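Take a walk through the model below.

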Amino acid sequence: MFRARAESRLTKIALVLFVSAGMMVFLGTRSDVEGQNRGKGKLTEAERQTDANAQRMLDEGKQTFRSDTFGDEAFWTDALQLHRAIAGANLGGVGPGVSPATALSVGLKVDVDALPQSLISQLKHGRVNLNDPATTLALLKLDAVVGLKGTVNGNSLQSIGITCAFCHSTVDDSFAPGIGRRLDGWANRDLNVGAITALSPNLQPVADLLGVDQATVRTVLQSWGPGKFDAELFLDGKAFRPDGKSAATLIPPAFGLAGVNLHTWTGWGSVTHWNAFVANLEMHGQGTFYDPRLNDAAKFPIAAANGFGNVRSNPDLITAKLPALQFYQLAIPAPAPPPGTFDAAAAARGATLFNGTAKCSTCHVPPIFTEPGWNMHTPAEIGIDDFQAKRSPDEHYRTSPLKGLWTHQKGGFYHDGRFATLLDVVNHYNTFFGTNLSAAQKADLVEYLKSL
Ligand code: HEC
Ligand code: HEC
């Protein structure tokens, strides 16, 4: 009797197990089928709209990043007359003009994909005069100069404007040094923004803004050097640090930024805040910008006096482009280092140090390599001076996302390039944190940084 009952209990349990296993198989199969339907393109209407929207945003954002001047010709052409210096006296401008050779020497890049096959073969055979500004005009007409938009009418350069790609793109040098395929988001550390701007025949608008003479503006621009720009100069008028060196900062990469909260060296805001800032206040495009922090007359005397905290242009050529521009930027991955550019075994040992003894990952949290959350630190926390931090609203430094470090080793590291090499960076932290790393450990850490 007892046995029979126990048996029937066992049977019941077995049955329940069997049925629930069957249910699980059934449910599992159902979701597999749904997954397959997705793969076959049988998306819900909402999913389909999202996918199409993502693709449209990418396309539009790429176009804006590469080609949009936001109407900044009003500054570079109408005010500074930079187009006249590029054309040169022979083509209706002023001075010697800018030949392709000169353009390449100040770090401008040529997009080989914009060149017709005939021109490519002429270039290959050395039949293009790279010392003639007329060739520069021809390249501008082809829209082949990365980040520079020229309107060329016959032999005359009517206007010039700059795009985001001017500073944040380079080329892969696949055709020749400075000529190749576009690499969006890479910091152009060859570009001498100051030297290019200093060519402008009329720097009076900048001189008026800063309350100095044109000669002083030229001196400041020439002090920047390659790969640097001073985004805060038009806000606070500070051109030099207390030690007499230029106050300009390095151009950072604009890739690998998804998941990163605050942007710029000093964490001014999100990507889209900064995009609006740059398009309006640095490129001098025509748009709308609101940031009441710039009304602080003690910290930002020039911005406060000129109402930069509340800019309203009509028409607004910027705001409608911000959503896709942000989307595109967040989509650009940090490029992986080419094989053979670092020692993999040493890098693996370096990773252990980075995440352990050397304490790096307390701030540079993998895989975004900055803190998820409020990624800001006082100058004292990283053992450096507060000059640049004080030029920003928050007076902190933002933990740099480290992916793709290998692409921007020119010009050094930290906001002002104060550390020439990655080993210098590691030595700084080792001294400051008192971590007592051996020479071999430091070398491992450097290999790891090169592998990111
Ligand atoms: C004249 C050169 C120049 C141009 C043009 C330029 N930028 Fe920048 N960009 C910089 C510099 C320099 C910084 C660092 C500023 C700072 O920290 O004070 C920067 C910072 C950034 C950052 C922050 C990166 C990070 O690590 O957080 C983003 C994003 C960015 N720029 C996007 C853009 C976009 C989008 C455009 C076009 C609307 C643009 N930039 C135009 C020079 C430029
Ligand atoms: C307390 C937080 C903190 C710790 C710990 C820390 N860093 Fe940083 N790191 C920062 C900040 C903030 C910056 C930006 C400095 C600046 O803007 O000048 C930075 C910048 C860097 C840069 C320069 C990036 C660039 O684009 O130029 C490198 C490289 C770097 N850190 C590596 C390391 C390594 C390696 C360690 C461990 C030995 C480490 N960091 C530990 C906060 C930290």
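What percentage of the 452 residues of the protein chain count as buried? The figure is 39%. Keep in mind that this is a predicted model. The protein chain has 19 helices and 12 strands. Its C-alpha trace spans about 115 × 55 × 50 Å along the principal axes. Contacts reach across the sequence: among those between residues at least 6 apart, 67% join residues at least 24 apart.

Start with helix α19, residues 439–451. Its length can be checked. At 1.5 Å a residue, its 13 residues should span 18 Å. The end C-alpha atoms of α19 lie 19 Å apart, which agrees. Now look at burial. Lys-442, Asp-444, Leu-445, Val-446, Glu-447, Tyr-448 and Leu-449 of α19 are buried. The list includes the charged residues Lys-442, Asp-444 and Glu-447. What covers these buried residues? The cover includes α16, residues 344–354, and α18.

Take α18 to begin with. Helix α18 covers residues 422–433. The axes of α18 and α19 come within 9 Å and cross at roughly 125°. The two helices are therefore oblique to each other. The crossing of α18 past α19 is right-handed. On the α18 side, the contact uses Leu-422, Leu-423, Val-426, Asn-427 and Asn-430. On the α19 side, the partners are Lys-442, Leu-445, Val-446, Leu-449 and Lys-450. By class, this contact has 6 nonpolar, 2 polar and 2 charged residues. An α-helix has 3.6 residues a turn, so residues three or four places apart point the same way.

Now turn to α16. Its axis lies 7 Å from that of α19, and the two pack at an angle of about 100°. That makes α16 roughly perpendicular to α19. From α16 come Ala-346, Ala-347, Arg-349, Gly-350, Ala-351, Leu-353 and Phe-354. From α19 come Gln-441, Ala-443, Asp-444, Leu-445, Glu-447, Tyr-448 and Ser-451. Sorted by class, the residues of this contact are 8 nonpolar, 3 polar and 3 charged. Leu-445 takes part in the contact with α18 and also in the contact with α16. Leu-445 is among the buried residues of α19.

Follow the chain out of α16. The loop between α16 and β11 holds Cys-363, Pro-367 and Phe-369. Strand β11 covers residues 376–377. Is Cys-363 buried or partly exposed? Cys-363 has 15 C-beta neighbours inside 10 Å and counts as partly exposed. Beyond its neighbours within four places in sequence, Cys-363 is in contact with Glu-371, His-377 and Thr-399. Ala-89 lies elsewhere: it is 274 residues from Cys-363 along the chain, and their C-alpha atoms are separated by 54 Å.

The peptide bond from Pro-366 to Pro-367 is cis, with omega near 5°. Phe-369 has a positive phi of about 60°, although it is not a glycine. Phe-369 is buried, with 24 other C-beta atoms within 10 Å.

The bond from Asn-314 to Pro-315 is cis, with omega near 5°. Pro-315 sits in the loop between β10 (310–312) and α15 (322–331). Asp-143, a residue other than glycine, has a positive phi near 60°. Its place is the loop between α7 (133–141) and β2 (148–153). Asp-143 is partly exposed, because 15 other C-beta atoms lie within 10 Å.

End at His-408, in the loop between β12 (397–398) and α18. With 20 C-beta neighbours inside 10 Å, His-408 counts as buried; the cut-off for buried is 20 or more. Which residues does His-408 touch, not counting those up to four places away in sequence? They are Ala-187, Arg-189 and Pro-253.

Methods
Residues are numbered from 1 along each chain as its sequence is written. Chains are lettered from A and ligands numbered from 1 in the order in which they are written. This is a predicted model: local features need pLDDT of at least 70, side-chain atom pairs count only at pLDDT 80 or more; totals for chains, interfaces and linings use all residues. Axes are lines fitted to C-alpha atoms, for helices over the stretch in contact, and angles run from 0 to 180 degrees between N-to-C directions. Helices (H or I, at least four residues) and strands (E, at least two) are DSSP runs, numbered from the N terminus. Angles under 35 degrees count as roughly parallel, over 145 as roughly antiparallel, 65 to 115 as roughly perpendicular and the rest as oblique. A crossing is left-handed if the near helix is turned anticlockwise from the far one by less than a right angle, and right-handed if clockwise. Two residues are in contact if their C-beta atoms, placed from the backbone, lie within 7 Å. A residue is buried if 20 or more other C-beta atoms lie within 10 Å of its own, exposed if 12 or fewer, and partly exposed in between; C-beta atoms are placed from the backbone. The expected span of a helix is 1.5 Å times one less than its number of residues.
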